[in-house]
Amino acid sequence: MRRAAGTGALSLTAVLLIQLAAAGPAHADEWRDKEYWLADYGITEAWKKSQGEGVKVAVIDTGVDPSHPDLAGAIAGGTDVSGAGDPSGGRGLGVNPEHGTLVATLLAGRGHAGKEGDDGDGKDYKGPGKGPDGIIGVAPKAELLTVSAWIGEANPGGVPIDQQLPNAVRWAVDNGAKVINMSLGSSSTAWPESWDDAFLYAEQNDVVIVAAAGNRGVGMIQVGAPATIPGVLTVAGLDREGKASWDSSSEGISIGVAAPAENLVGGLPEGASRYAEWSGTSAAAPLVSGVAALIRSAYPELTAAQVINRIITTAKDGGVPGRDTIYGYGIIDANAALNADVPAVAGNPLGTIEEWIRIHRRGEAPAAPAGPEPVSEALPDIPEPRVPTAAEPYTEEDPLPAVLVLGFAGLILLVGAGGSIAVLRIRRSAEASAGAVPEDLAGGEEQKMEPSRSA
């Protein structure tokens with residue numbers, strides 16, 4: 001069953017692709033064995049160091065059912081920001097009311113023991129969580145804060161999404177969340193200005209925010225907000241073979257890491273069947289949020305920036321070498337993220353919303369680097385080159401060119417004539433001195449010779 005909530009540019013869509021399984025109770029060798037990502041992506045090894053103890057993770061979604069057997073004891077509080085839900089955030093909302101419970105079980109499900117006499121009664125169970133049945137999350141000892149929001153169609157509670165999301169983030173921070181999971185996305189790379197302060201508030205309070213990249217299969221070709229917000233850890237999707245998922249992952253420069261997004265399982269609210277197989281980056285995001293919770297539990301002294309840095313620098317490279325728009329920094333490796341020797345960083349390698357606000361909302365230039373500034377003259381404002389326009393040919397007779405030509409010709413003739421006269425006078429003077437008769441006077445009467453006159 002494929003369902004997605006269509007929205008406008010500034011509203012959100014639940015990035016969801018669900019396949020409901022046949023109704024029936026869970027057994028130790030059924031749903032738990034389908035969680036291939038636990039071993040394949042280093043999560044079972046990471047559990048030897050941490051299972052998320054003492055860390056609160058907020059799930060901002062459609063609401064989480066606290067009665068699900070795999071979430072017993074996991075929920076530490078909740079609220080509703082839509083005006084249409086249960087005040088505790090425990091009732092599913094909108095066109096995908098099951099979405100929040102699916103996300104929550106993948107993130108911090110604790111499993112459960114079966115009934116007395118069942119194969120999975122848990123008497124000899126020594127693994128993580130509360131028993132061998134049901135879904136075990138990536139951080140089975142983390143605590144959940146559930147925030148229900150109306151995502152998709154018109155909210156009957158009357159609170160627009162551009163208010164719901166910032167209110168949800170602020171509530172999560174104020175109630176102790178160290179990680180926030182947002183398995184939702186929009187059709188726009190931009191976000192309302194009303195979100196700025198809330199994400200800045202989370203950043204200033206050292207909270208890791210994880211967001212889904214979106215699903216290509218439901219038309220989200222490129223990553224949309226909130227996954228485009230600087231500092232947010234955006235999660236792309238992988239198929240069962242660990243390759244980029246065509247249906248379940250968008251593309252974009254803000255992608256941080258990739259995680260499994262196909263052939264996943266999760267818990268459903270109420271009903272006879274409490275489990276489902278599903279796909280999408282909605283499912284990939286809580287896997288990464290769970291890893292963030294494991295790190296925050298194992299290394300409580302690390303900042304949010306350092307937690308994110310651990311996740312992305314220990315990821316296994318995928319696709320073209322280096323960071324790319326499909327895998328980000330690479331494929332999540334929970335064991336390496338918990339146990340590798342990773343140098344500390346001062347700032348978030350994914351950027352900061354504080355810097356973005358300063359530059360883009362307030363129009364301020366980035367701070368100049370430390371050190372003496374080079375002395376140079378200001379560059380001139382160079383306008384865009386203009387293409388010259390061809391002039392129309394001149395059709396009327398213009399006397400100026402003729403005057404110029406004639407003037408120069410007359411000048412040349414005048415100079416030439418003057419030169420000729422001067423030469424002639426010099427010749428006459430020379431002949432007179434020698435007593436010769438000039439050729440131009442030959443044949444006439446003998447002339448009385450006089451001294452030559454100066455020319």
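Nine salt bridges are present in this structure, which is a predicted model. Side chains of opposite charge can pair when their charged atoms come close. The points below take up three of these pairs, then a pocket and a sheet.

**Salt bridges**

- Asp 196 and Arg 361 form a salt bridge in which the closest N and O atoms lie 2.5 Å apart. This pair connects distant parts of the chain, with Asp 196 in helix 5 (residues 196-204) and Arg 361 in helix 9 (residues 353-361), a separation of 165 residues.
- Asp 196 counts as buried because its relative accessibility is 3%, under the 20% limit. Arg 361 has a relative accessible area of 30%, so this residue is partly exposed.
- A salt bridge also joins the side chains of Asp 333 and Lys 316, at 3.9 Å from N to O. Both residues sit in the loop between helix 7 (304-313) and helix 8 (334-339), and the pair, 17 residues apart, links distant parts of the chain.
- Asp 333 has 13% relative accessibility and therefore counts as buried.
- Glu 35 pairs with Arg 32 in a salt bridge, with 3.8 Å between the closest N and O atoms. Glu 35 and Arg 32 are both buried.

**Second largest pocket**

- The second largest pocket holds about 280 Å³ of space. Its lining consists of 18 residues, of which Glu 203, Val 207, Ala 304, Ala 305 and Asn 348 are the closest to the centre.
- At least two lining residues of the second largest pocket come from helix 5, and at least two from helix 7.
- Sorted by class, the residues lining the second largest pocket are eleven nonpolar, five polar and two charged.

- An open sheet is built from seven strands in the order 4-7-3-8-10-11-12, with parallel pairing.
- Strand 4 (75-80) and strand 12 (255-260) are the edge strands; each has a single partner strand, so one side of each is left without a neighbour in the sheet.
- On average, neighbouring strands of this sheet are turned by 25° against each other, direction ignored.
- Strand 4 runs parallel to strand 7 (residues 143-148), and five bridges join the two. Within this pairing, Gly 78 has Thr 146 of strand 7 as its bridge partner.

Note on methods
Residues are numbered from 1 along each chain as its sequence is written. This is a predicted model: local features need pLDDT of at least 70, side-chain atom pairs count only at pLDDT 80 or more; totals for chains, interfaces and linings use all residues. Side-chain values use heavy atoms; hydrogens and water are left out. A salt bridge is a side-chain nitrogen of Lys or Arg within 4 Å of a carboxyl oxygen of Asp or Glu. Buried means under 20% relative accessible area, exposed over 50%, partly exposed in between (1.4 Å probe, protein chains only). Helices (H or I, at least four residues) and strands (E, at least two) are DSSP runs, numbered from the N terminus. On a 1 Å grid over the protein atoms alone, a cavity is a set of points where a 1.4 Å probe fits but cannot get out, and a pocket is an open set with protein on both sides within 12 Å along at least five of seven lines; lining residues have an atom within 4 Å of a point. Grid points are joined across faces, edges and corners, and a volume is the space filled by probe spheres set on the points. Ala, Val, Leu, Ile, Met, Phe, Trp, Tyr, Cys and Pro count as nonpolar, Asp, Glu, Lys and Arg as charged, and the others, Gly among them, as polar. Two strands pair if DSSP finds at least two bridges between them. Axes are lines fitted to C-alpha atoms, for helices over the stretch in contact, and angles run from 0 to 180 degrees between N-to-C directions.
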